[in-house]
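Please keep the sequence and the structure in view while reading.

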Amino acid sequence: MKPVALVTGGGKGLGAAIAGHLFTEGYRVVVGDIDLVAAQATAERLGEAAFAVQVDVSNEVSVEGMLDVAEQVFGLPWLLVNNAAVMKAEKVLDIEIETFDTVLAVNLRGTFLGCQRFARRLRAKEAGGRIVNIGSLAGENGGTATGAHYAASKGGVHTLTKVFARDLAPHGITVNAVAPGPLDLPSVAETIGAENAARVMANLPTGQAGNPLTVARMVAELARADAGSITGSIIDINSGLYMR
Ligand SMILES: NC(=O)c1ccc[n+]([C@@H]2O[C@H](COP(=O)([O-])OP(=O)(O)OC[C@H]3O[C@@H](n4cnc5c(N)ncnc54)[C@H](O)[C@@H]3O)[C@@H](O)[C@H]2O)c1
């Protein structure tokens, strides 16, 4: 039986690339997104071994609903990719508290809920599994162009990755994160503006933005059944912008 992967924010951008790659790797894929039409478009491109579900990852009832539907249709997933996020670029002194809370709710609480609710289900069935969180270079260095709320949320995602990894390690469940720098995706210019995006891209040490497929391949590698010794890792794919 093909393993099941659930990708949040899979309607477009990196999430769609991850969903597509996991499909080619032999997964049945559940595409979760707050934008149901976008999620359906991704799922339709993949065919019968994929379906779309609407989810707001910041809402616990909605996250439980997504997991319920995934289990009913395909069975308990092996892999959850917490990819959904909102990206915001604002000067720290200009950030409104409502915006701060929204970014943290989607990016950080959303990742927490995904990890916790999925892991509870795995534990209830004494099943192993894989969780891959999508972090960010911003979570390591404060970001080159994005906002404090976004960077802080991604720093939190990296920390949650380690806490869940530690607690779930004895149970055959690994939890890792990939921390991309600027990717070759429309969301970069949409978030920081075309001019800033061009400047950032021109100053990448490697001379090339991250390829979404490279991130997707890393997710698949971390999700392998024989990759059980990798856990609590934050894998940088940042064009050489930050080396720790
Ligand atoms: N694009 C980059 O250069 C870059 C760099 C570092 C990290 N990342 C991370 O990669 C991930 C994907 O980024 P992207 O560039 O594809 O962004 P994107 O904006 O193109 O896609 C994000 C997706 O998440 C969905 N989403 C937003 N809020 C949601 C919610 N509450 N519940 C469910 N779905 C929701 C959106 O509808 C969209 O389909 C994010 O975690 C982002 O922080 C991106």
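## The model and its numbering

The structure is a predicted model, in which local features need pLDDT of at least 70 and side-chain atom pairs count only at pLDDT 80 or more, while totals for chains, interfaces and linings use all residues. Residue numbers start from 1 along each chain, as its sequence is written.

Helices (H or I, at least four residues) and strands (E, at least two) are DSSP runs, numbered from the N terminus.

## The shell around the ligand

The ligand is surrounded by 29 residues, and the closest are Gly 9, Gly 13, Ala 84, Ala 85 and Ser 187. A residue is near a molecule or strand if its C-beta atom, placed from the backbone, lies within 6 Å of it. At least two residues of the shell come from each of helix 1 (13-24) and helix 7 (186-192). Helix 1 gives the most, with three residues.

By class, the shell has 16 nonpolar, nine polar and four charged residues. Here Ala, Val, Leu, Ile, Met, Phe, Trp, Tyr, Cys and Pro count as nonpolar, Asp, Glu, Lys and Arg as charged, and the others, Gly among them, as polar.

## Helix 1 and helix 9

Two packed helices are described by the angle between their axes and the distance between the axes. Axes are lines fitted to C-alpha atoms, for helices over the stretch in contact, and angles run from 0 to 180 degrees between N-to-C directions. Helix 1 packs against helix 9 (residues 212-222) at an angle of about 50°, and their axes are 9 Å apart. The two helices are therefore oblique to each other; angles under 35 degrees count as roughly parallel, over 145 as roughly antiparallel, 65 to 115 as roughly perpendicular and the rest as oblique.

The crossing of helix 1 and helix 9 is right-handed. A crossing is left-handed if the near helix is turned anticlockwise from the far one by less than a right angle, and right-handed if clockwise. On helix 1, the contact is made by Leu 14, Ala 17, Ile 18, His 21 and Leu 22, and on helix 9 the residues include Pro 212, Leu 213 and Val 215. Two residues are in contact if their C-beta atoms, placed from the backbone, lie within 7 Å. The contact of helix 1 with helix 9 holds 10 nonpolar residues, one polar and one charged.

## Helix 4 and helix 6

Helix 4 (residues 97-124) and helix 6 (residues 148-168) have axes that come within 9 Å and cross at roughly 15°. These helices are therefore roughly parallel to each other. Their crossing is right-handed.

Among the residues that make this contact are Phe 100, Val 103 and Leu 104 of helix 4, together with Val 157, Leu 160 and Phe 164 of helix 6. The residues of the contact of helix 4 with helix 6 divide into 12 nonpolar, six polar and one charged.

## Two buried residues

Is Val 178 buried or exposed? Val 178, which belongs to strand 6 (residues 173-180), counts as buried because 27 C-beta neighbours lie inside 10 Å. A residue is buried if 20 or more other C-beta atoms lie within 10 Å of its own, exposed if 12 or fewer, and partly exposed in between, with C-beta atoms placed from the backbone. Val 178 and Ile 234 are 56 residues apart in sequence, and their C-alpha atoms are 5.5 Å apart in space. Leaving aside neighbours within four places in sequence, the contacts of Val 178 include Val 132, Ile 134 and Ile 235.

Leu 137 lies in the loop between strand 5 (129-134) and helix 5 (138-141). Leu 137 is buried, because 23 other C-beta atoms lie within 10 Å. The C-alpha atoms of Leu 137 and Pro 182 are separated by 8.3 Å, and the two residues are 45 residues apart along the chain.

## Positive phi values

Glu 126, a residue other than glycine, has a positive phi near 50°. Glu 126 is in the loop between helix 4 and strand 5, and is exposed, with 8 other C-beta atoms within 10 Å.

Ser 239 is not a glycine, yet its phi is positive, at about 60°. Ser 239 is placed in the segment after strand 7 (234-237) and is buried, with 21 other C-beta atoms within 10 Å.
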